[in-house]
Amino acid sequence: MKLKSNFMTHMDDDTQILIDVSAKFSGLVRCNKTAAEIIDMLKEDTTEAEIISKMVSKYDISEDVISDDVRKIVSSLRKIGAIDE
């Protein structure tokens, strides 16, 4: 899966903003640091398992917690059509 090319990101202080430049999704998505990191990983083709693995190795948080967060964020991105499968 990968972030669709019609979605661009912009950093505003410590908040990442996700914007659909095609205007198919009419809205703006503000992302916390966790969501921003996941979105940055989605700029390259990857899987949920790879994202989870990278985050587990980077942070001292259980895999269950990280898995839940990744799945929620990826699910939200799918709902707005931001991910190519």
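This is a predicted model: local features need pLDDT of at least 70, side-chain atom pairs count only at pLDDT 80 or more; totals for chains, interfaces and linings use all residues.
## Helix 2 against helix 3

Let's start with helix 2, residues 48-58, and helix 3, residues 63-79. Their axes come within 10 Å and cross at roughly 135 degrees. That angle makes helix 2 oblique to helix 3. As for handedness, helix 2 passes helix 3 in a right-handed crossing.

Who touches whom here? On the helix 2 side, the contact is made by Glu48, Ile51, Ile52, Met55 and Val56. Across from them, helix 3 brings Glu63, Ile66, Ser67, Val70, Arg71, Val74 and Arg78. Sorted by class, this contact has seven nonpolar residues, one polar and four charged.

Glu48, Ile51, Ile52 and Met55 are the buried residues of helix 2. Looking down the helix axis, you'd find these buried residues within an arc of 95 degrees, so they line one face of the helix. The general rule behind such a pattern is simple: an α-helix has 3.6 residues a turn, so residues three or four places apart point the same way. The buried residues of helix 2 pack against both helix 1 (33-41) and helix 3.

Ala49 has a relative accessible area of 54%, and because the cut-off for exposed is over 50%, it counts as exposed.

## Helix 1 against helix 3

Helix 1 packs on helix 3 too, at an angle of about 65 degrees and with the axes 10 Å apart. The two helices are therefore roughly perpendicular to each other. Helix 1 passes helix 3 in a right-handed crossing.

From helix 1, the residues in this contact are Thr34, Ala35, Ile38 and Ile39. Their partners in helix 3 are Val70, Ile73, Val74 and Leu77. By class, that gives seven nonpolar residues, one polar and no charged ones. Val70 and Val74 of helix 3 turn up here, and they also take part in the contact with helix 2.

Setting aside neighbours within four places in sequence, Glu37 is in contact with Met55, Lys58 and Tyr59. Met55 is one of the buried residues of helix 2, and it also belongs to the contact between helix 2 and helix 3.

## Two loop residues

Glu44 sits in the loop between helix 1 and helix 2. At 55% relative accessible area, Glu44 is exposed. Which residues does Glu44 contact, leaving aside its neighbours within four places in sequence? They are Met1 and Lys2. Glu44 and Lys2 are 42 residues apart in sequence, yet their C-alpha atoms are 5.9 Å apart in space.

Asp13 belongs to another loop, the one between strand 2 (7-12) and strand 3 (15-20). Its relative accessible area is 75%, so Asp13 is exposed. What's worth a look is its backbone: the phi of Asp13 is near 60 degrees, a positive value in a residue other than glycine. As a general rule, most residues other than glycine have a negative phi.

Notes:
Residues are numbered from 1 along each chain as its sequence is written. Side-chain values use heavy atoms; hydrogens and water are left out. Axes are lines fitted to C-alpha atoms, for helices over the stretch in contact, and angles run from 0 to 180 degrees between N-to-C directions. Helices (H or I, at least four residues) and strands (E, at least two) are DSSP runs, numbered from the N terminus. Angles under 35 degrees count as roughly parallel, over 145 as roughly antiparallel, 65 to 115 as roughly perpendicular and the rest as oblique. A crossing is left-handed if the near helix is turned anticlockwise from the far one by less than a right angle, and right-handed if clockwise. Contact means heavy atoms within 4.5 Å. Ala, Val, Leu, Ile, Met, Phe, Trp, Tyr, Cys and Pro count as nonpolar, Asp, Glu, Lys and Arg as charged, and the others, Gly among them, as polar. Buried means under 20% relative accessible area, exposed over 50%, partly exposed in between (1.4 Å probe, protein chains only). The arc is that of the directions from the helix axis to the C-beta atoms.
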